[in-house]
Amino acid sequence: MNTKTDSVRSTPTRRRWLFWGVLLPIILLFAVITSQGIRQWQAANRFEAEIAQIRASNLPIDNASMARWFREMTRTEGASAWGEVLLALETAIAPIDNPERMPFVGTGDPIAVPDPDRQWPEEKQVGEYLRWIGPTIEKIHQAVELPKPVWLPIEFRGFQTPLAELQSSRSVTRHLQLEVEHALYQKESERALRGITSLRGVAEAFDWQICLVGDLVHRAHAIAYLATIRRSMAYGLWGEAEIDRIDSQLAPRDPFQITERWRRVFIGERAMLLSSLNDAAMTDYNADEFGAAAMKVAGLPTVKVGLLEKYFLMLRIADGPLAGLPDRANELELWLTQKGSAFDLTTRWTSMWLPAIRAYSQSIIREEDDRRVTRTSLAVKKYQLREGNWPQDLAALDGIGLPASERVTVGGKPLGYQVDGDAAWVWGPDTSSRAARPEVLPERPDPADESTRDHSPWAMVR
Amino acid sequence: MNDRSAIGRLCWKEFRQLLPLGLLFPLLAVIFFAVAMVSGNTPLVTLVAGGISFLAATMPGLYATGVGALSVSYEKEQRTLGWLASLPIKPIRIVRVKLLMAFSGLILFWALATALLAIARLVSRQQTSVIFEEIGSFAWPVHTLFLMLAGFALAWSTRSGMAAILWVLPVATIPVILSNLILSLFRWRFDFEIAPAAPVLISCQILSIAVAWWLAERNGSRAIGAQSTGTHAGLRSMREEGLSVPWAWQAEGAVPRSEPSALVWQFIAQNRMVLLGLGLMLATAALIWPLDLWGRGVLSIMITVLGVSWLGTSVFQGDSIAQRIRFLADRGIAPGWVWSTRQLTPASIVSLFLLGLLIALTVSGTAADLFPLLTLLVLIIYGTSQWVAQLLPSPIISSICAPLVAAMAAAYFALSYVWFAPPWWLMAVTILIPLVATRALTRRWMDRRLGWDYLFANVGFAALMILPIAPQVVRSINEPRMPAEVKRELSAIAPPVVLGSTSTRLKELVIAGANGGTAYEVETVQSNDPPRMMADAWADKLAQVQEQLNSTQVPISVSSGAVLETLRGIAELCLIADSNPALTAAERDEGAKTYPVAVRLLSQAARRLRMSHRLIEQDMADLIEIWLINELRRAGARERLGSEIDSNVRALLGDREGRQKARERAVAASWADYQMATKKDRWTNPDQIGGYQLFDIIEPGGAWGARSRGEFAVGELWQWLRGGKQGTNPQRLERIARAWGLPPSTYGLGDTGPIWRADDLNRYVHPGFRSYKPRPGAQWFAAWEDEAEAMGRSFEGGNQESAGVPKE
C-alpha cells in the first residue's frame with residue numbers, strides 16, 4: 001500500500017537491529033565521555049604530581065613561592081641603596097629643559113662617530129646636568145660594590161607582575177652611558193673607566209633570572225655596557241693597563257651558566273603561568289565575559305598538563321650547543337605555532353611568550369657576539385700599542401693571546417676587520433638578519449648612516 | 001462570498017498565521033532592552049545593545065527563512081489546503097496573497113530592525129552610524145527577499161516545514177556561489193570605486209529572486225490545484241511526490257507496539273527526511289571543524305548550533321504535527337517509553353556527530369582539548385531545543401525559536417560559570433534540567449493538556465536553571481561582612497555633600513614635561529632655544545605648581561603623582577647640590593634657594609591630598625609625609641629649610657589628630673561613594689573604591705561577591721582606623737592584605753615587610769609618588785607616625801596658612 005514503507009518493512013528482527021544500531025553510538029559516546037572523564041581525572045592527578053615535584057625541588061609555583069625564590073636568588077644588602085638610586089633617577093630628567101637634546105637619558109642622539117676633536121653642541125647642557133646629579137652617579141658607583149644581584153620589593157601577580165623597578169634600572173645604565181660619553185669627550189680616562197666598570201655592575205645587580213622580561217632587561221644592560229666599551233675605543237684613551245682591566249671583565253661565559261639561566265627564566269615564567277591560571281585578574285583582563293569564560297575553561301586539567309609539557313620543552317631548548325639555540329628555539333616556536341590554533345586552549349597562555357622564544361634566543365647570541373667583537377677590538381688596540389701598527393688581520397692577534405674562538409661569531413663566521421686611515425674597524429654579524437647564523441657584513445658599517453649603523457656591533461679603534 | 005471579501009479574509013488569515021513569528025522577535029528585543037534598562041548598567045547596556053544589533057540584523061533573515069514554512073507547511077499540517085482550494089479564488093491569487101503578506105511582513109521586519117539598530121546605537125552611546133555596515137549594505141536585505149521566495153517555493157514542494165527550512169540553507173548559497181563563479185570566470189573591470197563582487201552579487205540575487213518567485217507561484221498553484229481534485233487524489237498526489245502519510249504503519253494496518261524497537265522504528269519512519277538532512281548537516285560540520293579552527297570557527301559553530309538545535313526540536317516535532325501524538329496517547333503507551341524512544345535517534349545522531357568530531361580533531365591534531373567543551377555545548381543546545389519543541393505547540397515556530405533560545409542558554413551557562421563560579425557537578429546537573437523537564441511533562445504533552453498548569457510546570461523547571469547561582473548565594477550569606485555598627489558609623493560620618501562627586505572635585509597638578517602639561521597652559525621652551533640654566537628651569541616649574549595650588553582650594557588628586565615626583569626630583573637634586581664640589585658657588589646658592597620651595601610645595605600638596613574624600617589621596621599624603629620626615633631628619637634641616645617652612649612641615653607631621661580625621665572621613669566617603677555606585681549599577685561591581693582599582697578582589701562570585709568583599713575590605717580598614725595603633729597586629733594586617741588582594745609584605749609582614757612599611761625608616765625603601773604607588777592604608781600607624789609626632793612636638797608655632805592650609 002505504501003511504497004515508501006514497503007522498502008523498510010517493520011519486522012521484529014529489523015526493528016531490533018535498528019534499535020541496537022541507534023543505541024550503539026550513544027553507548028560509544030558514553031564510553032568516550034567516560035574515558036574523557038578518566039583522562040581529565042588522570043591529568044588532574046598528573047598535574048598535582050608535577051606540582052608536588054616542582055614544589056619538592058624548591059622551585060616556584062605561585063606568587064608566594066615566586067617571591068621566596070626571587071628572595072633566595074638575590075641579596076637584600078643593596079636594596080635600600082639601589083632603591084634610593086632608582087628613586088633619584090626616576091625623575092632626574094623631568095626637571096630638565098630640552099630633554100630632546102640629551103643623548104641616552106633624553107631623546108637626543110649621541111654623536112654618530114665618536115670623535116674627541118669634534119664639536120659637541122650639547123656638551124654644555126650635558127655637563128651641567130652631570131654636575132648636578134654627580135652625587136647620584138657617585139651613589140651608583142657605591143651601590144655596584146654591594147652584593148649582587150640586588151633584591152627589590154616586587155609584588156608578584158602572575159603575568160601581571162609590575163616590574164617597574166626593573167624598567168627604572170634602565171635609567172641607571174643610561175645615566176652611566178652619558179657619564180662615560182662625557183668623560184671620554186673630556187678625555188677623563190679614569191672617570192670613564194669607572195663608569196664602564198659600574199655599567200657592568202648595574203648589569204650584574206639587575207641580573208634577575210626570574211622571567212623573560214627580567215633577563216631581557218639584564219641583557220639590555222649588558223649590551224649597553226659592551227657598546228659603551230666599543231664607543232670608548234674611538235677616543236684612543238686607553239693604555240695597555242686599562243685595556244687589560246676591561247678585558248678581564250669580558251671572559252667567556254660558561255655554557256652551563258647559559259643553560260641554567262634559560263632554565264631559571266622559564267621556571268619563573270612557568271610559576272607566573274601557574275599563578276595566573278587561578279588569578280581572577282587574568283580572567284578579568286579579557287575585555288568581554290566570553291573571553292573570561294574561555295580563560296576559565298582553559299583551566300581543564302588536560303590543558304594545564306599540556307601547558308606544563310610545553311614549558312618542559314621550553315626548558316629543554318637550552319640543552320645543546322649555543323650556536324644551535326636559535327635553530328632549536330625557532331623549531332619549537334614553529335611547531336607550537338602550527339600546533340596551536342584559535343581554539344587550542346593552551347594558546348591563550350602560550351601567547352604570553354610564544355612570539356618571543358626565537359627573539360630571546362637571538363638576544364643571547366647577540367650578547368655573545370657583541371662580547372666577542374668588543375674583546376677583539378680591545379685586542380686590536382693592545383696589538384697596536386705593543387707593535388706600533390695595526391694588525392694585518394685578526395689572525396695576528398694570536399700573538400697577544402686572544403684565542404681564535406673569540407674572533408669568530410657564535411655561528412662560526414670570522415669577524416670583520418679593516419684598517420681605514422688612522423683607525424682600525426672590527427665588526428660582527430648582521431643583527432637585522434633573521435637567519436639563525438647571520439653572516440658578517442662584507443663591508444664595515446657606516447656610523448654616519450642611521451639606517452644601517454645599528455645593524456651590527458662595531459668598534460672604531462683609534 | 002465575493003472575490004474581494006474572500007481575498008480580504010484570506011489576508012486576515014495569513015496575518016494571524018504570521019503573527020506569532022512577527023511578535024516573537026520584537027518580544028525578544030524588548031526583553032533584552034528591559035533587562036538592560038532596568039539594570040541601569042552601562043557595560044551591560046552596551047553588551048545588550050550589541051546583542052540587539054545582532055538580533056536586528058539577523059531577525060529579517062530568520063523571518064525570511066521561516067515564513068514560507070509557516071505560511072505553507074502550516075496549512076499542510078492543519079490540512080487546510082483543501083479548504084483553500086475550495087475557495088472561489090484562483091490558486092495563483094491565493095499564492096500571491098500569501099507572498100504579498102509575507103513580503104509585507106519582511107518590509108515590516110526590516111523597518112523594525114532599522115529602528116532597533118538605531119535605538120541600540122543611541123542606548124550604547126555610539127554616535128557613529130554604521131547601520132548599513134551591520135546589515136551588509138544592500139546585499140543582505142536583497143538576500144532576505146530571495147530567502148523568502150525560495151522558502152515558499154520549497155515549502156510548497158516538501159511535506160514538512162522542517163524539511164522546507166532545511167532545504168532553504170543550501171539553496172541560500174546559490175546567488176553567492178553563482179556570483180563567485182562569474183567572478184572567477186570573468187575578470188571584471190569597473191571604472192567606479194565599488195568592489196566588483198557587490199554589483200555581480202546583487203545581479204545574481206536579482207536573477208535568483210526572479211527564478212524563486214516563478215517557482216513559488218508555480219509550485220503553489222500546482223499544490224492548491226491538486227487539492228481541488230479531492231482528498232484521495234491529493235493523497236495519491238502526495239505519495240506520488242514521495243510524501244508519506246503521517247503514520248506509515250497505520251496506513252499499512254500495522255499496530256504499534258509498546259516495545260521500544262517498534263517506537264524507534266516508527267520515529268525514524270516518521271522523520272526520515274529530516275533526520276537524514278540534519279545528519280548530513282552535522283557530518284559536514286564535523287568535517288569542517290578542524291579546517292575552520294584556523295579561522296574564527298564561525299561557520300562550524302553556526303552549522304553545529306543549527307544542526308544540533310534542529311535535532312533537538314525533531315524529538316517532539318514530528319509528533320506535534322497535527323497532534324499525531326494522540327495516536328500513542330490513546331493507545332496507552334507509557335510516557336517514559338515515548339520520551340526515551342523519541343530521544344534515542346536524535347541523541348544517536350548527536351553522538352555520531354560528537355564521535356566524528358573527536359576523530360576529526362584527533363586526526364587533524366588540532367584542539368582535542370576542545371572536545372569536552374564541545375560536548376557540553378552540544379548537550380546544552382540539544383537539551384534546550386528539545387525543551388522548546390515540547391513547550392511550543394507549533395513545530396515551525398519552535399524550529400525557528402530553538403536555535404536562538406539554545407544560543408542564549410549557552411551564553412547563560414558561560415556567564416554563570418564566569419560570574420558565579422559554581423562547582424562543575426552543579427553545572428552538569430543544571431545542564432540536564434531541560435531533559436528532566438521534558439521527561440516529567442511528557443504525559444501532559446501526550447494528552448495535549450497544554451494549558452496554564454503545563455506552562456507553570458515549565459516555568460518551575462526554568463526556575464531551577466538558577467541553580468548555578470545557589471553556591472554564590474550561600475557564599476554570600478556565609479562571607480564575612482561589614483558589621484552593621486560599622487555601616488552605621490560610616491553612614492553617620494560620610495558627608496552627604498561629597499557623595500558621588502568626590503572625583504569630579506579633585507584637581508590634577510600639571511607641569512609641561514612632567515605629565516604632558518596639556519591641561520595647563522604653560523610657555524613651553526622651544527627646542528631651538530638655547531638651554532637655560534637648570535635652576536632657572538626649576539624656578540619656572542615650581543612657580544607653575546604654586547600658581548595652580550593658589551588658584552583653587554580644592555583637594556588635589558593622586559593623578560598629580562608625576563608633578564609630585566618632579567618636585568621631589570628637584571628637591572633632591574638641590575639638596576645634594578650643597579655637598580657637590582662639581583657645582584659652582586652660584587649653582588649651590590640656587591640649589592639652596594630652590595630646595596625649601598620644593599619642600600614647601602610638597603608639604604602643601606600633602607595638605608591638599610588630606611582634604612580629599614578618597615582613600616587613595618590619604619595614602620599618597622602618607623607617602624609625602626614619610627618623605628618629609630626623612631628631609632627633617634637630615635642634619636641642618638631647619639637651617640636649610642628656614643624656620644618658617646621647617647615649622648610648618650613639623651606642624652603638618654605633628655597633626656596626628658588631623659591625619660586620623662582625614663582618613664576617617666575619606667574611608668567613610670569612599671564607602672558611601674561605592675555604595676552609591678553599586679546602587680546605580682546593579683549588575684556589575686564598581687571598578688574602584690576610594691580611587692583603588694578592585695579587580696583583585698572580584699573573584700569569585702561576580703558582582704554580588706565582589707560587592708560584599710568590597711564592603712568587607714572597607715569595613716576592615718575602618719575597624720583598624722578605630723582600633724588605632726593598639727589595634728594594629730599581624731592578624732589584622734594579614735586579614736586586610738587578603739581583603740584587598742595584596743601580599744602581606746605590603747603591610748610590613750614577612751622578612752621583606754620592613755622594606756614596604758615605614759616602621760623603620762632606615763630599612764624602608766620609599767616608592768616615590770607615582771600615582772600607582774599608594775596601597776590602601778599600608779602606612780597607617782606604622783612607626784613613622786610616632787616620629788612625625790615627635791617632630792611635631794618641636795614645632796614652635798609656625799604660620800599654617802603659609803604652608804598651604806586653606807582658610808576656614
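In chain A of this predicted model, three strands form an open antiparallel sheet in the order β1-β2-β3; strands, like helices, are DSSP runs numbered from the N terminus (E, at least two residues, for strands; H or I, at least four, for helices). Two strands are taken as paired if DSSP finds at least two bridges between them. The edge strands are β1 and β3 (458–461) of chain A, each of which pairs on one side only. Direction ignored, neighbouring strands of the sheet are turned against each other by 15° on average. Residues are numbered from 1 along each chain as its sequence is written, while chains are lettered from A and ligands numbered from 1 in the order in which they are written. As the model is predicted, local features need pLDDT of at least 70, side-chain atom pairs count only at pLDDT 80 or more, and totals for chains, interfaces and linings use all residues, with side-chain values based on heavy atoms and with hydrogens and water left out.

Within the sheet, strand β1 (residues 416–420) of chain A is joined to strand β2 (residues 423–427) of chain A by five bridges, and the two run antiparallel. A:Gly416 stands opposite A:Trp427 in β2(A). β1(A) and β2(A) form a hairpin with two residues between them, and A:Gly421 in the turn has a positive phi of about 65°. On the other pairing, four bridges join β2(A) to β3(A), again antiparallel. A:Val426 has A:Ala459 in β3(A) as its bridge partner. Helix α17(A) lies across β1, β2 and β3 of chain A and runs at about 160° to β2(A). For such angles, axes are lines fitted to C-alpha atoms, for helices over the stretch in contact, and values run from 0 to 180 degrees between N-to-C directions; contact means heavy atoms within 4.5 Å.

A search of the whole structure finds 64 salt bridges over all chains, each being a side-chain nitrogen of Lys or Arg within 4 Å of a carboxyl oxygen of Asp or Glu. A:Arg230 forms one with A:Asp370, with the closest N and O atoms 3.8 Å apart. This pair links distant parts of the chain, 140 residues apart: A:Arg230 lies in helix α9 (residues 212–233) of chain A and A:Asp370 in helix α17 (residues 357–387) of chain A. A:Arg230 is buried at a relative accessible area of 7%, and A:Asp370 is buried at 0%; buried means under 20%, exposed over 50%, and partly exposed in between (1.4 Å probe, protein chains only). The side chain of A:Asp370 also meets that of A:Arg366 in a salt bridge (4.0 Å, N to O). A:Arg366 and A:Asp370 are four residues apart in helix α17 of chain A, about one turn of the helix. A:Arg366 is partly exposed, with a relative accessible area of 33%.

Elsewhere in chain A, A:Gly127 lies in helix α5 (residues 123–132) and is buried, with a relative accessible area of 9%. A:Gly127 and A:Gln186 are 59 residues apart in sequence and 9.9 Å apart in space, C-alpha to C-alpha.

Chain B has 34 helices and two strands. Of its 808 residues, 55% are buried. Among the contacts in chain B with a separation of 6 or more, 78% are between residues 24 or more positions apart. Chain B exposes about 34800 Å², of which carbon and sulfur atoms supply 63%; accessible areas come from the Shrake-Rupley method with a 1.4 Å probe, and for residues only the protein chains shown count as cover.

In chain B, the side chains of B:Glu625 and B:Arg610 meet in a salt bridge (3.3 Å, N to O). B:Glu625 lies in helix α27 (residues 615–633) of chain B and B:Arg610 in helix α26 (residues 585–610) of chain B, so the pair ties together parts that are 15 residues apart in sequence. Both B:Glu625 and B:Arg610 are buried. Salt bridges that share partners join B:Arg610, B:Asp622, B:Glu625, B:Arg656, B:Arg659, B:Arg663, B:Lys725, B:Glu785, B:Asp786 and B:Glu789 into one network.

A nonpolar patch on the surface is formed by B:Trp12, B:Phe15, B:Leu19 and B:Leu23, with about 410 Å² of accessible area together. Patches are made of residues with over 30% relative accessible area and no salt bridge, like charges being joined within 9 Å and nonpolar side chains (Val, Leu, Ile, Met, Phe, Trp, Tyr) within 5 Å. B:Phe15 lies in helix α1 (residues 3–39) of chain B and is partly exposed at 38% relative accessibility.
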